[in-house]
Amino acid sequence: MRKWLLIFVLWLPLVAVAGEAKPLAQDPVLEQRMISLSEDLRCLVCQNESLAGSRADLAQDLRQEIREQMRAGKSDEEVIAYLTQRYGDFVLYKPPVKPLTWLLWFGPFALLIGAIGGLYAYIKRRGNRLADESLSEEEKKRVATLLGSNGNES
Amino acid sequence: MIPELGHFALILALLLALTQSILPLAGAARNAPAWMAVARPAAQAQFLFVAIAFGCLAYSFLVNDFSVLNVAQHSFSRLPPIYRFTATWGSHEGSLLLWTFILALWTLAVTLFSRHLPDDMVARVIGVMGLVSCGFLLFMLTTSNPFIRLLPAALDGSDLNPMLQDPGMVVHPPILYMGYVGFSIAFAFAIAALISGKLDASWARWSRPWTTAAWVFMTLGIMMGSWWAYYELGWGGWWFWDPTENASLMPWLVGTALIHSLAVTEKRGSFKAWTVFLAIAAFSLSLLGTFLVRSGVLSSVHSFATDPARGLFILGFLAVVIGGSLLLFAFRASQVGLGGRFALVSRESFLMANNILLLTATASVLLGTLYPLFLDALGLGKISVGAPYFNAVFVPLVTPLLFLIGIGPLARWKQANVPELARRLKWGFAASVVVALLLPLTLGAWKPMVSLGYLLALWIVITVAIGVQARLRTGAGWSANFYGMHLAHFGVAVTVIGITMVSAYETERNVRMNEGDTATLQGYTFLFKGTKNLDGPNYKAARGTLEVSRDGKPVTILYPEKRTYSASGMPFTESAIDYGLTRDLYAALGEPLDGGAWSVRLFHKPFVVWIWIGAVLMALGGLLAITDRRYRIASRKKGTEA
Amino acid sequence: MKRFLIPLAIFLVLVGFLGVGLRLDPHEVPSPLIGKLAPDFNLPLLSDASRHFSPAEMRGKVWLLNVWASWCTSCRQEHETLLELARRGVVPIYGMDYKDQPADAQGVLNQAGNPYVETVMDIDGRVGINFGVYGVPETYVIDKSGMIRYKLTGPLTPENLEGKILPLLKELQK
């Protein structure tokens, strides 16, 4: 116990002299909201980075713009509308759901359901086909006789 | 001299590849043993010359021969020797040469480990691989020659992209290529089977170890790419759904479906046409990936510098190889035969469900990656498809798949005993549900996705234990295949836990730090001791020091750096990571601020290494499965007969 | 069996798309402002900071707005073409100096020539954002009613001038 107290006391001056690091952002809560939104937005300059991570000038300008809009009370949808009015849907990493993108959003699930249905039908049909191809009663009797007579050898 | 030697070696390799394909394939068709026998020596000679070419290029890089254009564009005299070597494949031309070298290497392996196969099959397999080699060699010699000279020679090079100056560059591309290219063997076996019309359980047994080996390399390659992105890119992401990443994920998903389908074909003789199709599809996706990255049709961090002529060549090559195989498939698949009968609920149908889910997942990744291109080509505008889409679609598709891992291995072949399955699994399921619901509460907030992740992971672990225990009880003895399968499935569970934990519980702080400032994150205290300037071999850096402690006890010291590379002037962040089994501490320097302060990003990422540990376990499982006796019996038998 | 032809059919469609894709540029971002009124602004002139310019002044006339900067190397590539176009007197060209310093901008114009009727200063880039500028140089064709009819991203070249812009200008100026 005394050891911990000693260590704590020795650390105290160090902590007291130096500061607790301040968050880089002016308003961490707003910043978090801005980052969350910009993570799903595409940087137009470094097109393989999100608006949140890109260090391009335009990205910094747009992040600042988003901060100001959020501070002014705009909702996420309004901020997104602001950007798409100027840059089009290209800036959205999450494609909007509209008739042009129905195939994109619903295609995989439609494919899944179709495939499962197809598999079900296939297994049933296959079972029937193999049943037809399997031995008739006659042939089964012949097999039994043949195997029976050779049954003593291995 | 050396570059010219390399160039000449490539030309010879092309001639040998032509010989390797034309004579054996014709020989198999005409049943001419002499022609078929050309396959092995031609392939081995081709390997020799491709190796010489590769060696010549590597040599040019190592000795800083800036009269070679490729070296001048992608290297630098003060680049450390290991990176001068890896720069050999740091460009479009060089990576193609690596591709060709690895293809020749796999072909060599086939020539050495195929004594037990029928001659016409060997001839066809090696012949088909030879055709692929021809394509790549021709591509290099006509549009992408790595040995072009730059005269007068440059005084120094433009440097390798700083992001590639890293140990990851040494291993990630070669291992990934081993996977991409390895699927060409399954492809060649499939084509051989279609041409000959011989497709039976022994075909599956022969092609299975090669396919699994390629899959193992692919798994490791993707895992390394993910880990490399994590520590190199400065914000600790591990998967971005970037087109090139998707290009590697797709063949992996189909490859996974293929190894499961092969299991059925080998055991029961069923799914033959489907397995052949998957083998064609897996390699086709490898080739498609090559096209997407080098043609400029998609924008990606990985893209090589592009040129329409190159894109056109690869597209033509794709059309011929894949189109030809699919045409062959269309005509011959119906003759392949049906195989055994199975019920609606059986191990076969569970594996089929596995395949459907994997293929649908692949289709969704392909759709998402190419959709912007589709719309643009039709003049319907430009959209972007990124992580939000892929996560929304991929996760629901993979969830039932993970659930099936628990049931499939325990189901009987031909007809599953549903009541018995239910009896064996109900307690495991109940336990998984209870723990999954309760565990997040101990970590703080309850999040439904976290519970789902735990449920699936626990379910897999419990069912693996049930399977292993059942086998031990029967006293059936060692089976590499059996234990390999369970090890790989267990690896999946480990990865799921890693993904679940880091996605739900990672925390970050973005702070401004002066010397002597501290920041706390998740109980850890980070004390910033300022930065020191230092000189690296080809860069200048500001190295920060962060002393990390917890409850007053020192934990580690992190040294994040901000580098500026001499040749290009490019600034670069080198993050510092303290790895741990239960958490990673991740620090990156941002920008220098006024007054000597720095912006610093600190991350606490719980269980993130489990993502990659799980992948390694998957690969080990696959490796174990390959060592199974059944793949060696045939050769032993032949040996004793001879 | 016909169903075995399905993979081939799907593949051929894919190849078709990829072939078309080779001729497209995945980096180019089309503007959603085409066919819409040019965003209004009131920016100071480079030549005289006390005077301002706004698009409303150009109603009834067809004109070009060229976004450029002194730090932009591609802008130098198009400078000759712009000068040539200005000399031909086909259409008035206004420049918008984006995120730049007046002294640097003036320096470039003094040295390389001035094709612009006037240049406005968009120092903080706000107006640029309203126009959807993402990479200089960019050129907008604006018609008599103030609508943006065409946007060119990248340097103006004789090819796209003759091929796209001049025919469009002829149409609009009728």
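How many Å apart do the C-alpha centres of domain 1 of chain A and domain 2 of chain A lie? The distance between these two centres is 53 Å.

## Basis of the report

This is a predicted model, in which local features need pLDDT of at least 70, side-chain atom pairs count only at pLDDT 80 or more, and totals for chains, interfaces and linings use all residues. Residues are numbered from 1 along each chain as its sequence is written, while chains are lettered from A and ligands numbered from 1 in the order in which they are written.

## Chain A

Domain 1 of chain A covers 24-96 and domain 2 covers 100-150; such bounds come from an automatic or database domain assignment. The secondary structure of the chain consists of six helices and one strand, arranged along the sequence as α-β-α-α-α-α-α. Here helices (H or I, at least four residues) and strands (E, at least two) are DSSP runs, numbered from the N terminus.

Of the 154 residues in chain A, 21% are buried. A residue is buried if 20 or more other C-beta atoms lie within 10 Å of its own, exposed if 12 or fewer, and partly exposed in between, with C-beta atoms placed from the backbone. Among contacts in chain A between residues at least 6 apart in sequence, 38% link residues at least 24 apart. Two residues are in contact if their C-beta atoms, placed from the backbone, lie within 7 Å.

Chain B is assigned domain 1 (1-157), domain 2 (168-413), domain 3 (417-503 + 615-642) and domain 4 (507-607). The C-alpha centres of domain 1 and domain 3 of chain B are 40 Å apart.

B:Ser21 belongs to helix α1 (residues 2-30) of chain B. B:Ser21 counts as buried because it has 23 C-beta neighbours inside 10 Å. Beyond its neighbours within four places in sequence, B:Ser21 is in contact with B:Gly127, B:Gly130, B:Leu131 and B:Cys134. B:Arg124 is 103 residues away from B:Ser21 along the chain, yet their C-alpha atoms are separated by 8.1 Å.

## A pair of helices in chain B

Two packed helices are described by the angle between their axes and the distance between the axes. In chain B, the axes of helix α15 (residues 418-442) and helix α16 (residues 448-474) come within 8 Å and cross at roughly 145°. Axes are lines fitted to C-alpha atoms, for helices over the stretch in contact, and angles run from 0 to 180 degrees between N-to-C directions.

Residues including B:Leu425, B:Phe429 and B:Val433 in α15(B) meet residues including B:Tyr454, B:Leu458 and B:Trp459 in α16(B). The residues of this contact comprise 16 nonpolar, four polar and one charged. Ala, Val, Leu, Ile, Met, Phe, Trp, Tyr, Cys and Pro count as nonpolar, Asp, Glu, Lys and Arg as charged, and the others, Gly among them, as polar.

## Contact between chains B and C

In this interface, 25 residues of chain B are in contact with 19 residues of chain C. On the chain B side, the elements giving two or more residues are α11 (272-295), α12 (308-332) and α13 (347-377). The largest share, twelve residues, comes from α12(B). The chain B side contains 17 nonpolar, six polar and two charged residues.
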